[in-house]
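These are my notebook entries on one structure.

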Amino acid sequence: MRTRVILDTDPGIDDALAILLLAASKEISLEAITVTHGNTSVDKCLANALRLKDFLGLQGVPVARGASEPLVKSLTVAEETHGDGGLGYAKLPDATSSPSPTNAIDTIIELVHKYPHEITILAIGPLTNIALAIHKDPSIIKLINRVVVMGGSVHYPGNMTPDSEYNVYCDPEAFDIVLRAGFDFTLVPLDVTYKCLFTKKHIEKLAGAKPEIIKFIDDSTRFYMEFHDEYQSIDGCAINDPLAAAILIRPELVTLKEYFMTIELKGEFTRAKTSVDFYNVYKKAPNAKVAMEVDVEAFMDFLIERVKTL
Ligand code: BDR
Ligand code: CA
């Protein structure tokens with residue numbers, strides 16, 4: 001049976017790569033794309049999601065507008081990382097598809113009730129929409145099969161503050177609500193995604209893919225690579241989000257370890273830091289499966305092989 005997925009996203013260069021991967025994967029039944037604020041404003045992210053829907057021929061997939069702001073803090077965007085429009089140097093035509101008449105929160109609630117125990121939520125942006133959906137209808141918590149989140153870091157430095165990862169930083173209170181809800185919760189943190197560096201070498205390996213797909217990936221990731229070079233002295237770019245998508249299809253790409261995880265909501269310097277209790281100091285049962293190792297080459301090959309089929 002295909003895995004029914006709601007993708008909650010803020011496209012976003014690496015979000016776009018995750019959407020490409022899902023669109024290329026018959027194992028996935030993409031039930032909806034719900035859009036959040038994050039890499040840029042929710043309206044720009046929505047426009048990008050709709051452009052990607054048309055670009056990839058995802059006609060049957062509703063794209064729903066979600067939260068424009070985090071629950072408590074003020075809005076953060078990352079246009080220096082993803083470009084003013086959110087997709088780096090890539091320019092896709094304006095969408096002909098329209099957003100769903102149902103907003104992201106109600107889309108999540110309706111789909112979970114339509115397919116009880118079947119929906120996997122793949123969240124690759126701030127978790128505001130998921131937190132609002134479970135606040136509005138807590139009955140969905142028990143009906144969601146699994147929540148897979150790209151975010152946080154364990155040992156790896158933060159990419160937003162020294163201790164915090166971008167998605168978690170953008171809405172720490174929402175992350176806390178989702179973490180505490182009691183889901184089957186998987187986290188794909190920077191510890192593994194920052195090993196997955198996409199470089200010019202990988203662009204060359206795309207030979208054989210449709211020219212417009214190569215151009216899109218080249219134009220979007222070139223901007224992302226310039227950011228990583230300038231701000232983090234990294235050669236290439238960390239493609240965080242498609243790894244979280246890939247493990248829905250190829251779980252063996254990562255090693256998951258179960259931990260009791262917390263998020264710091266108060267720290268002056270450490271707000272939005274995710275921590276795991278390695279030594280079980282708190283004597284709490286694990287609440288998160290955390291990807292701690294990744295087979296980088298296998299993931300890169302998988303991603304490239306799949307986008308060549310688009
Ligand atoms: C995450 O933050 C965003 O900028 C990316 O799209 C990814 O989801 C990485 O920290
Ligand atoms: Ca993202």
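Before sorting the lining residues, I wrote down the classes: Ala, Val, Leu, Ile, Met, Phe, Trp, Tyr, Cys and Pro count as nonpolar, Asp, Glu, Lys and Arg as charged, and the others, Gly among them, as polar. I also noted that the model is predicted.

Entry one: the largest pocket. I looked up its volume, which is about 320 Å³. I then listed the lining, which has 23 residues, with Thr81, Asn159, Tyr166, Tyr194 and Phe227 nearest the centre. With the classes above, the lining of this pocket divides into nine nonpolar, eight polar and six charged residues. I next asked which elements give two or more residues to the lining. They are α1, α3 (79-82), α6 (166-170), α10 (211-232) and α11 (240-249). Of the elements, α10 gives the most, with five residues.

I found about 150 Å³ of space in the second largest pocket. Its lining includes Lys44, Asn48 and Arg51, together with Asp84, Gly85, Gly86, Leu87, Gly88, Ala90, Lys91 and Leu92. I sorted this lining into three nonpolar, four polar and four charged residues.

How do the axes of α1 (residues 13-23) and α12 (residues 296-307) cross? I found that they come within 8 Å and cross at roughly 65°. Angles of 65 to 115 degrees count as roughly perpendicular, and α1 and α12 are therefore roughly perpendicular to each other. The crossing is left-handed. I recorded Leu17, Leu20 and Leu21 of α1 in contact with Phe302, Leu303, Arg306 and Val307 of α12. Of the contact residues, six are nonpolar, none is polar and one is charged.

How values were computed: Residues numbered from 1 in each chain as written. Chains lettered and ligands numbered in written order. Predicted model: local features only at pLDDT ≥ 70, side-chain atom pairs only at ≥ 80, totals over all residues. Heavy atoms only, no water. Axes fitted to C-alpha atoms, helices over the stretch in contact; angles between N-to-C directions. Helix = DSSP H or I, 4+ residues; strand = E, 2+ residues; numbered from the N terminus. Parallel < 35°, antiparallel > 145°, perpendicular 65-115°, else oblique. Left-handed = near helix turned anticlockwise from the far one by under 90°. Contact = heavy atoms within 4.5 Å. 1 Å grid on protein atoms, 1.4 Å probe; cavity = no way out; pocket = protein on both sides within 12 Å on 5 of 7 lines; lining within 4 Å. Points joined across faces, edges and corners; volume = space filled by probe spheres on them.
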